[in-house]
Amino acid sequence: MKVTLTVWRQAGPAAQGRFETYELDEVSEDMSFLELFDVLNERLIAKGEEPVAFDHDCREGICGSCSMMIDGRPHGPELGTATCQLHMRKFADGAKITVEPWRAGAFPLVRDLVVDRSAFDRIVESGGYITAPTGSAPDGNLILIPKAVADSAMDAAACIGCGACVAACPNSAANLFTAAKVMHLNLLPQGQPERWERVTNMVDTMEQFFGSCTNHGECEAACPKEISIDFIALMNRDYIKAQFKQRRLASQRG
Amino acid sequence: MVMDAHIPEGPIATKWDNHKFDVKLVNPANKRRFTIIVVGSGLGGASAAASLAELGYRVELHTFHDSPRRAHSIAAQGGINAAKNYHNDGDSVYRLFYDTVKGGDYRAREANVYRLAQVSVDIIDQCVAQGVPFAREYGGLLDNRSFGGAQVSRTFYARGQTGQQLLLGAYQALANQIHLGNVELHHRSEMLDLVTKDGKAVGIVARNLMTGAVTSHSAHAVVLATGGYGNVFFLSTNAKASNVTAIWRAYKKGAYMANPCYTQIHPTCIPASDEFQSKLTLMSESLRNDGRIWVPTDAMDTRSPDQIPDEDRDYFLERRYPAFGNLVPRDVASRAAKREVDAGRGVGPLKNGVYLDFADAINRLGRHVIEERYGNLFQMYERITGEDPYVVPMRIYPAVHYTMGGLWVDYDLMSNVPGLYVLGEANFSDHGANRLGASALMQGLADGYFVLPATIGNYLAPQLGEQPVPTDDAVFIEAQQGVEAMTQQLLGVNGTRSVDYFHRELGKIMWDNCGMARSRESLEKAIGEIATLREEFWNDVRVLGEGDTFNQSLEKAGRVADFLEFGELLCRDALHREESCGGHFRVEHQTEDGEALRDDEHFAYVAAWEFTGDHANPGLHKEQLEFEYVHLAQRSYK
Ligand SMILES: Cc1cc2nc3c(=O)[nH]c(=O)nc-3n(C[C@H](O)[C@H](O)[C@H](O)COP(=O)(O)OP(=O)(O)OC[C@H]3O[C@@H](n4cnc5c(N)ncnc54)[C@H](O)[C@@H]3O)c2cc1C
Ligand code: FES
């Protein structure tokens, strides 16, 4: 098949960006979208042009590195699919495809399609953990966790931290990411002692970097792991509760 | 030289406890006076950095990833072993130890393996406490599954995303320590050299991948947890950026490379579909619990798989290995599949796979059970191939997956270079010539959470009061100049072919000559071809752009340059090892029915290679392996 790619090129954070158009023929439909870029890059190098920079690593939808805005949709047209798992058979022969980086103030551009998503790490550092220093743990089976609870926590923990939710949001909010991280831990019995501090600190840090959520719901539709927007509601509930709780008292009562 | 692994005295079951009592301790208040550089944020690196920081050491962490959470460990699917015996099926520390030594085809160090089995139980506890959402049974207890090479259920898992969840656990502990100021994180920072002074590791040189800035970092000790080198084959299940550079450059600074020829080929990967294939995707081994592997008995059979009745199918693993059936270890399963495909019985458009069929399991258990167990894997398969594995059997074929070799380390996980520690897949330690499923995650976390924090005091304690070597010392300046010179050299060739071209060519040489089957002839051929390719690379590679910007071609070029040297060492090691064991299969050494034939009399040793110069043959040092507990025997899974 044949496709026409219109790709955002920008040499560095301070450089002027622009779209460039490339025609590619002899595209195989078994190719992944990133393999299409491999082929494009080989061609560019052959012509003496610098290849398109893009983030990728696992190429199986789990590391959260790949991050392309494809025709205005993070990770492209297929639901629940990261860019690296998208295959060319999902596109029509002769398709014209526009590819841009994630665009959000909190994700400064590094080069071409690569952005810096460190702000996500700052959110996690502010409370996305259970304090359990190595060596201090009791037997794993001492804490019984109902299967349904473990499953819900896992649904949230499946987040790959790619940032598609932020890219999809008209406000560049990171509520789905933060909610997934908060609720993974807040749902579990082990996460209870730090529950209220966790949600407060993480939400406050999130607000330093990202826009506010106005319930558009674009994030859920864009999420390659189909993380449910319900987690945002749960996080908001915990956040509000935390504001009313006397924290010290809460920790005494468990 | 004969290598001394410093294995503690005493019966195997008490060695670790005795040793922990004997190691020198650094008092808590003094720990802050030591700086440790950790390179790598996978399971090995993240767990080590977090645990060392919890103890009070000052840690500097480097990863070339944009976030520590993206390390390749994230991709592990199937599970992690632990000898909990929660299922009352006869498991024990001793059995896990025994299975691992046997599975490794008697080429692992017994004392290390025993310790690994011992701490395996603590790992699970630690991870649960951190909030890792392991699968649970209805009563709320931890669930287990079984994995290849074992007859007990000891594998803990979190859906098909165990590596992700374990890594997130370690990353969260790390994030906590970063927040507390105990760990300084350098993301998108690639270590390009190890710095040594008077034979000791004193720091690293790293390049900031966003700005291109090359800087020196000094410390009292350096820990490499930089993962495996499977990508020397170009196509593998490893993440695209996984590479050998960190350990290769340490090798060139004096660290010995052990058993590089032990590479693992995983039996259940999706076969390549065309020449654009950029990596191979693993389908977790756990699928072999419920899937049955077969090919049509008649190579000419063109019927669709559901039209082929049972009597025209050959369930070749069940037939050849009735005791273990579809759950034989990876090396055995891989070679069996290769035999079928080589005999022309392969399936799929390129006849390059075998079937992994779930029809029986779906009939027996119902679709929802299979969906619950493997849903995300089935979905992944469907995305890649466009076929629905609930209806059509999967097609699978072996692919390079894991590397048992790596830098040589002693019982304390210290290399022969004092102050240089190596953890996780980057070291050679525990898996011998073949790794059992669900044991890499266990080893990475054992190394980082429990072993290194306990052993590093031995090296650090006597240095109390000493400052790290300043970064304006001649050793740093020289190393930094070396890195900058290599960057300029790569940019300066200005040839006609891309870095990927050379990587693919190298991969073909490696796979064809040093893959699932190796011979003297093929290895000698490979060594010659690699040398030629390497020369071509340095004359004809085209790396565009500059050194002082974000430049992915330049990053790749450095890594491929190292692979082009390392690949040769791998083949040399394979050539010298005149036996077949685990993942190393020499066609000259096989039994009558085609199984690997070891030579314990001559090869029950670890081969540790020393760098002796760019154009000189590497020097061989041996660590003799003693098997006091698991007696040497031909493996049998029949
Ligand atoms: C698809 C797949 C599935 C698997 N499934 C399982 C399983 O179910 N069970 C199991 O036990 N094992 C499994 N394994 C194996 C296991 O995942 C790995 O062996 C293990 O995770 C390796 O961990 P690590 O910490 O040693 O290295 P990695 O996770 O590879 O981490 C390496 C780290 O080092 C950094 N790094 C490397 N070089 C440099 C450098 N020069 N400078 C700076 N940073 C550097 C990287 O940024 C990264 O942070 C699987 C492997 C694959 C490929
Ligand atoms: S490359 Fe890892 S999720 Fe796409």
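A salt bridge here is a side-chain nitrogen of Lys or Arg within 4 Å of a carboxyl oxygen of Asp or Glu. Across the interface of domain 1 and domain 2 of chain B, that rule finds one. The side chains of Glu595(B) and Arg320(B) meet in a salt bridge, N to O, at 3.6 Å.

This is a predicted model, in which local features need pLDDT of at least 70, side-chain atom pairs count only at pLDDT 80 or more, and totals for chains, interfaces and linings use all residues. Residues are numbered from 1 along each chain as its sequence is written, chains are lettered from A and ligands numbered from 1 in the order in which they are written, and side-chain values use heavy atoms, with hydrogens and water left out.

**Domains of chain B**

Chain B is divided into domain 1 (267–398) and domain 2 (474–602). These bounds come from an automatic or database domain assignment. The C-alpha centres of the two domains of chain B lie 31 Å apart. Domain 1 of chain B brings 13 residues to the contact and domain 2 of chain B brings eleven. Contact means heavy atoms within 4.5 Å.

The two domains of chain B bury about 800 Å² between them, 50% of it on carbon and sulfur atoms. Buried area is the accessible area (1.4 Å probe) that two parts lose on being put together, summed over both. In domain 1 of chain B, Asp331(B), Arg335(B) and Lys338(B) lose the most area to domain 2, together 51% of what that side buries.

The rule for polar contacts finds four residue pairs across this interface of chain B, both residues at pLDDT 80 or more. A polar contact is a pair of N or O atoms within 3.5 Å; within protein, one must be able to donate a hydrogen and the other to accept it, and residues adjacent in sequence count only if both atoms are side-chain atoms. On the domain 1 side, α9 and β15 (394–403) of chain B each give two or more residues. α9(B) gives the most, with six residues. Helices (H or I, at least four residues) and strands (E, at least two) are DSSP runs, numbered from the N terminus. By class, the domain 1 side has five nonpolar, two polar and six charged residues. Ala, Val, Leu, Ile, Met, Phe, Trp, Tyr, Cys and Pro count as nonpolar, Asp, Glu, Lys and Arg as charged, and the others, Gly among them, as polar.

Leu350(B) is found in the loop between α9 (330–342) and β14 (354–357) of chain B. Leaving aside neighbours within four places in sequence, Leu350(B) is in contact with Ala272(B) and Ser273(B).

**Domains of chain A**

The assignment for chain A gives domain 1 (3–110) and domain 2 (118–253). Their C-alpha centres are 30 Å apart. The area buried between the domains of chain A is about 1300 Å², of which carbon and sulfur atoms give 63%. Pro74(A), Ala106(A) and Phe107(A) supply 33% of the area that domain 1 of chain A buries against domain 2, more than any other three residues. The count between these domains of chain A is zero salt bridges. Two residue pairs are in polar contact across this interface of chain A, both residues at pLDDT 80 or more.

**Chain B against chain A**

The contact takes 77 residues from chain B and 85 residues from chain A. The two chains bury about 6300 Å² between them, 49% of it from carbon and sulfur atoms. Arg70(B), Arg136(B) and Arg383(B) lose the most area on the chain B side, together 11% of what that side buries. Seven salt bridges are counted between chain B and chain A, and 51 residue pairs are in polar contact across the interface, both residues at pLDDT 80 or more. α6(B) gives the most to the chain B side, with nine residues. That side divides into 29 nonpolar, 30 polar and 18 charged residues.

Over all chains, the count comes to 65 salt bridges. Two more pairs are listed here.

| Salt bridge | Closest N and O atoms |
|---|---|
| Arg188(B) and Asp55(A) | 2.9 Å |
| Asp112(A) and Arg9(A) | 3.3 Å |

**Ligand 1**

Ligand 1 lies between chains A and B. Of the 38 residues around ligand 1 (a heavy atom within 4 Å), His65(B), Ser73(B), Met191(B), Glu425(B) and Leu441(B) come nearest. A polar side-chain atom of Glu425(B) lies 2.6 Å from an oxygen atom of ligand 1. A polar backbone atom of Leu43(B) is 3.1 Å from an oxygen atom of ligand 1.
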